[in-house]
Amino acid sequence: MSATPVSLPDREAAKGVAFGLTAYIIWGCFPLFFALFQGVPAFEILLHRVIWSCLFLVGLVTLLGRWSPIRRALAEPKRLGRVLACALLIALNWGLYIYSVETHHVLQASLGYFMTPLVNVGLGMLVLRERMARLQGVAVGLAGLAIAIQLILLGELPWISLVLAFSFGTYGLLRKQVPLDGLSGLFVETLLLLPLALMALGWLSQADLSHFLDNGRTTALLVASGVITALPLLAFAGAARRLRLATLGFLMYLNPTIQFVIALLVFREPLAPVQLATFVLIWIGLALYSWSAWQSRPREARTSATPSR
């Protein structure tokens, strides 16, 4: 008997899963990359990440012939306010993430990205007046309880987790209102940040605080930070075109899960019982959130294996 031929939708879905896994695994392994920058402050790494991302994206956009949406966006400066806000939020998120790796707080970073979907639900309700399903409300409540437990029992807020979650959640909220695809949006964001990054880097050089030309290894790593920023975005774009949003949502948890494992097994960060309880509450909240999101989809969408176009 001949093997059953694989349909085009199934092949596209398989490609989408491969692209999604690639994107989220790269993002999850970011702590291993940023841990290589020995002695380079997070602020300087952020500057180079912006500069080299922008330069790399110039070549990429040219290669892919994607200048049209970018030219349209830049032709209307008055509409760039939200893009600038997105740029500042993503810069804050990037910088704090690098800082969390440098200061051995990868567990807090992992918790922040686990919390992000629940923050998105809360922001949707507060800002967009979206209705929150009962299970989603319970999930957000569990996240609040987890933070309260850390505050009461440890006497400190997990501020890195909170800032990462709210900066990325707010970025997503504003990004939905910007009519640019992922690649074009990232390029315009880095382009708006480029003058600030160049001025700050010029100041570091004048003050003899720049590490860019210290040695070949550091120079190569700083340049590579721009490339490694764009590559997972391209893989994610390939996944988003081929997969349902629900499938992407489940794959998203790979990123903080890998960070969590790296923090424990590679960086040997301590995990106190209170911190573990916080993670468990967040995980339960995410399970409830995912179940609620799955149940709220139409029956046809839940049973169909055809990727959305």
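The model is predicted, so local features are given where pLDDT is at least 70 and side-chain atom pairs count only at pLDDT 80 or more, while totals for chains, interfaces and linings use all residues. Residues are numbered from 1 along each chain as its sequence is written, and side-chain values use heavy atoms, with hydrogens and water left out. Helices are DSSP runs of H or I with at least four residues, numbered from the N terminus.

- H3 is followed by Gly-65, whose phi is positive, near 65 degrees.
- Helix H8 covers residues 159-175, and its end C-alpha atoms are 23 Å apart, which agrees with the 24 Å that its 17 residues should span at 1.5 Å a residue.

**Second largest pocket**

- The second largest pocket has a volume of about 260 Å³; a pocket is an open set of points on a 1 Å grid over the protein atoms alone, where a 1.4 Å probe fits, with protein on both sides within 12 Å along at least five of seven lines, and lining residues have an atom within 4 Å of a point.
- The volume is the space filled by probe spheres set on the grid points, which are joined across faces, edges and corners.
- Helix H4 (67-74) and helix H5 (81-102) are the elements that give two or more residues to the lining of this pocket, and H4 provides the largest share, 3 residues.
- The lining includes Pro-69, Arg-72, Glu-76, Arg-82, Gln-177 and Leu-180.
- By class, the lining has 7 nonpolar, 1 polar and 4 charged residues, where Ala, Val, Leu, Ile, Met, Phe, Trp, Tyr, Cys and Pro count as nonpolar, Asp, Glu, Lys and Arg as charged, and the others, Gly among them, as polar.

- Asn-255 lies in helix H12 (residues 254-265) and counts as buried because its relative accessibility is 11%.
- The side chain of Asn-255 reaches the backbone nitrogen of Gly-28 at 3.4 Å, and a polar contact of 2.6 Å joins the side chains of Asn-255 and Gln-259; a polar contact is a pair of N or O atoms within 3.5 Å, and within protein one must be able to donate a hydrogen and the other to accept it, with residues adjacent in sequence counting only if both atoms are side-chain atoms.
- Leaving aside neighbours within four places in sequence, Asn-255 is in contact (heavy atoms within 4.5 Å) with Tyr-24, Trp-27 and Gly-28.
- Trp-283, in helix H13 (residues 273-295), counts as partly exposed because its relative accessibility is 31%.
- With neighbours within four places in sequence again left aside, Trp-283 is in contact with Phe-114 and Phe-260.

**Positive phi outside glycine**

- His-104, in the loop between H5 and H6, has a positive phi of about 60 degrees although it is not a glycine, and at 54% relative accessibility His-104 counts as exposed.
- Asp-208, in the loop between H9 and helix H10 (216-240), has a positive phi near 60 degrees and is exposed, with a relative accessible area of 68%.

How values were computed:
Buried means under 20% relative accessible area, exposed over 50%, partly exposed in between (1.4 Å probe, protein chains only). The expected span of a helix is 1.5 Å times one less than its number of residues.
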